[in-house]
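Please look first at the sequence and the model displayed here. An explanation of selected features comes after them.

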Amino acid sequence: MEKPRIQPPRNEAPQSHSPQSVRHIEEGVRTDFRHAMSYGGYLDLDRLLSSQHPLSEPEHHDELLFIIQHQTSELWLKLVLHELLEARRLFDADNLGKALKCIARVKAIQRTMTEQWSVLGTLTPREYAQFRGFLGSSSGFQSYQYRAVEFLLGNKNRGMLRVFESDPQAHELLSTLLTEPTLYDAFLGVLTRAGYDIPVDIRERDTSEPWTFRQDLVPVFQQIYESDETPWGLYEACEDLVDVEDNFQAWRFRHLRTVQRTIGFKVGTGGSSGVDFLKRALDLTFFPELYAVRTEIGN
């Protein structure tokens, strides 16, 4: 006798593995925002996305790239400044762990900002020359947030305030940061309270002056690096500060190379010498003792 064939259950639909061109909206997804907060509303996208105003006539296709590149950098600088100010506050409160969390975020932002230069690097010299004249005297040299970050890290320059006299908000911020302690000053305060011998004249220095190299700090850092008794957080903080400076220098160098490949050795739109001016910035340092100590370690 022939055995009956086993039929599949009728309520099971055959499985389909073919790609789908439409992803259906799930039933619980909100679609009505007449009386609710939307993504665009929270981020104020109407204002953000309408803040690009190319000036070239006729409008050059690549000017939008140039504007967005610099606007994005300013947004990141706003966050860097926000995190560094909080790190300084946390150093003052001896909350080393949270301070280093802020610095870790700054380091991640720096890497993103450095990589962004590759986007602007797609702008050829001919393309930029076709709308560069419409920039007038505007220049990245006039970025008050960039100057604020440099002031907070120790590269203070009172003469730079003149550039921002026409912008009261920027002038006030930079005037305040000029006189306040730097992130490095705050970290040295942490070391002082931890029992390290930070010279009194350093602790009581005029913080409106730019930081200059102090040989008498090098033995302090040598002790931190070489002693098995050093709390890990202090060792880590030293290395994090070095990371911040290394990242800053990498950003400066990529900036220089992008400018050089785009305009060569032309004078900057803001009146600087351009590439030569940017080259001199590579000689600036925020934490020189943390580099000098490397020569002494193991001696």
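The model is a predicted one, and it holds 14 salt bridges. One of them joins Glu 83 and Arg 105, whose closest N and O atoms are 3.0 Å apart. Because Glu 83 belongs to helix α3 (residues 63-92) and Arg 105 to helix α4, this pair ties together parts that are 22 residues apart in sequence. Glu 83 is buried, at 5% relative accessibility, whereas Arg 105 is partly exposed, with a relative accessible area of 39%.

Helix α4 (residues 96-120) also contains Lys 107. This lysine is buried, its relative accessible area being 12%. Its side chain makes a polar contact of 2.8 Å with that of Asp 243. Beyond its neighbours within four places in sequence, Lys 107 is in contact with Asp 240, Asp 243, Val 244 and Asn 247.

Glu 150 takes part in two pairings described here. With Arg 147 it forms a salt bridge whose closest N and O atoms are 3.4 Å apart; the two residues are 3 apart in helix α6 (residues 144-153), which means a separation of about one helical turn. Glu 150 also meets Arg 252 in a salt bridge of 2.6 Å, N to O. That pair links distant parts of the chain, since Arg 252 lies in helix α11 and Glu 150 in helix α6, 102 residues apart. Arg 252 is buried at 3% relative accessible area.

In helix α10 (residues 218-226), the buried residues include Val 218, Phe 221 and Ile 224. Their cover includes α8 (183-193), α11 (232-263) and α13 (288-296).

On the surface, Met 37, Tyr 39, Tyr 42 and Leu 43 form a nonpolar patch with about 550 Å² of accessible area together.

Note on methods
Residues numbered from 1 in each chain as written. Predicted model: local features only at pLDDT ≥ 70, side-chain atom pairs only at ≥ 80, totals over all residues. Heavy atoms only, no water. Helix = DSSP H or I, 4+ residues; strand = E, 2+ residues; numbered from the N terminus. Buried < 20%, exposed > 50% of the residue type's maximum accessible area, 1.4 Å probe, protein only. Polar contact = N/O pair within 3.5 Å; in protein donor to acceptor, adjacent residues only side chain to side chain. Contact = heavy atoms within 4.5 Å. Patch = residues over 30% accessible without salt bridge, like charges linked within 9 Å, V, L, I, M, F, W, Y side chains within 5 Å. Areas by Shrake-Rupley, 256 points an atom, 1.4 Å probe, with all protein chains shown as cover. Salt bridge = Lys/Arg side-chain N within 4 Å of Asp/Glu carboxyl O.
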